[in-house]
Amino acid sequence: MKLDKQILEEKIREYRIFKSCSESTLMGLCETAGADISAKEMTKLACGFAGGMGGTFDEGTCGAVTGALMANGILNDDPSVIKSNAKEIFNTFKEEYGSVCCGTITNNGEDKSPCVDCCVFIANKLADLLDKE
């Protein structure tokens, strides 16, 4: 499956104005891929992962990562591919940002300036993985 990365980035940047990282990443990926899931369902699925899972920031995983992991599961049918991609998503993000912890990346939610780029970065990684399948 080949995703248009320009459209993907535009959707994520647009959503990130008023949605969390988890919502923006999930929605950008699924909409660009034409997944059969509504915006309302994606919002409900992803909203609990906002702010490092329920706003925990310093203890929770970055929403860009959790959004990409949810999209990975929606956009793939093979459990072994889903697991393999999940590991690749996690490791790639950690290598790029030094952590997958929301609080580490955002100074416990006080500096959200890296958030959009985190979302776009990991969404593009999943797009690359989907393109290989």
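## Gly-34 and the loop between H2 and H3

Gly-34 counts as exposed, because its relative accessibility of 58% lies above the cut-off (buried is under 20% relative accessible area, exposed over 50%, partly exposed in between; 1.4 Å probe, protein chains only). Gly-34 belongs to the loop between H2 and H3; helices here are DSSP runs of H or I with at least four residues, numbered from the N terminus. The C-alpha atom of Gly-34 is separated by 9.3 Å from that of Leu-75, although the two residues are 41 apart along the chain. Leu-75 is one of the buried residues of H4.

The model is predicted, with local features requiring pLDDT of at least 70 and side-chain atom pairs counted only at pLDDT 80 or more, while totals for chains, interfaces and linings use all residues. Residues are numbered from 1 along each chain as its sequence is written, and side-chain values use heavy atoms, with hydrogens and water left out.

## Helices H2 and H3

The axes of H2 and H3 come within 9 Å and cross at roughly 145°; each axis is a line fitted to C-alpha atoms over the stretch in contact, with angles from 0 to 180 degrees between N-to-C directions. On the H2 side, the meeting residues are Ser-22, Glu-23, Leu-26, Met-27, Cys-30 and Glu-31. On the H3 side they are Ala-39, Met-42, Thr-43, Leu-45 and Ala-46. Contact means heavy atoms within 4.5 Å. The residues of this contact comprise 7 nonpolar, 2 polar and 2 charged, where Ala, Val, Leu, Ile, Met, Phe, Trp, Tyr, Cys and Pro count as nonpolar, Asp, Glu, Lys and Arg as charged, and the others, Gly among them, as polar.

Gly-28 also lies in H2. Gly-28 has 0% relative accessibility and therefore counts as buried. Apart from neighbours within four places in sequence, Gly-28 is in contact with Leu-8, Lys-11, Ile-12 and Tyr-15.

H4 spans residues 63–75, 13 residues in total. From its first C-alpha to its last, H4 reaches 18 Å, close to the expected 18 Å, which is 1.5 Å times one less than the number of residues. The helix is mostly covered, with 10 of its 13 residues buried. These buried residues are Gly-63, Ala-64, Val-65, Thr-66, Gly-67, Ala-68, Met-70, Ala-71, Asn-72 and Leu-75. Their cover includes H2 (21–33), H3 (39–46), H5 (79–97) and H7 (115–132).

With a relative accessible area of 6%, Asn-85 is buried.

## Salt bridges

The count of salt bridges comes to 6, a salt bridge being a side-chain nitrogen of Lys or Arg within 4 Å of a carboxyl oxygen of Asp or Glu. One of them pairs Lys-2 with Asp-131, whose closest N and O atoms are 3.7 Å apart. Lys-2 lies in the segment before H1 (5–16) and Asp-131 in H7, so this pair ties together parts 129 residues apart in sequence. Lys-2 is exposed, at a relative accessible area of 68%, whereas Asp-131 is partly exposed at 39% relative accessibility.

Glu-31, which takes part in the contact of H2 with H3, also forms a salt bridge with Lys-11, with the closest N and O atoms 3.5 Å apart. The bridge links distant parts of the chain, since Glu-31 is in H2 and Lys-11 in H1, 20 residues apart. Glu-31 is partly exposed, with a relative accessible area of 27%, and Lys-11 is partly exposed at 26%.

The side chains of Asp-117 and Arg-13 meet in a further salt bridge, at 3.1 Å from N to O. Asp-117 lies in H7 and Arg-13 in H1, so the pair ties together parts 104 residues apart in sequence. Relative accessibility is 42% for Asp-117, which counts as partly exposed, and 35% for Arg-13, which likewise counts as partly exposed. Through shared partners, salt bridges join Glu-9, Arg-13 and Asp-117 into one network.

Definitions and conventions. Helices (H or I, at least four residues) and strands (E, at least two) are DSSP runs, numbered from the N terminus.
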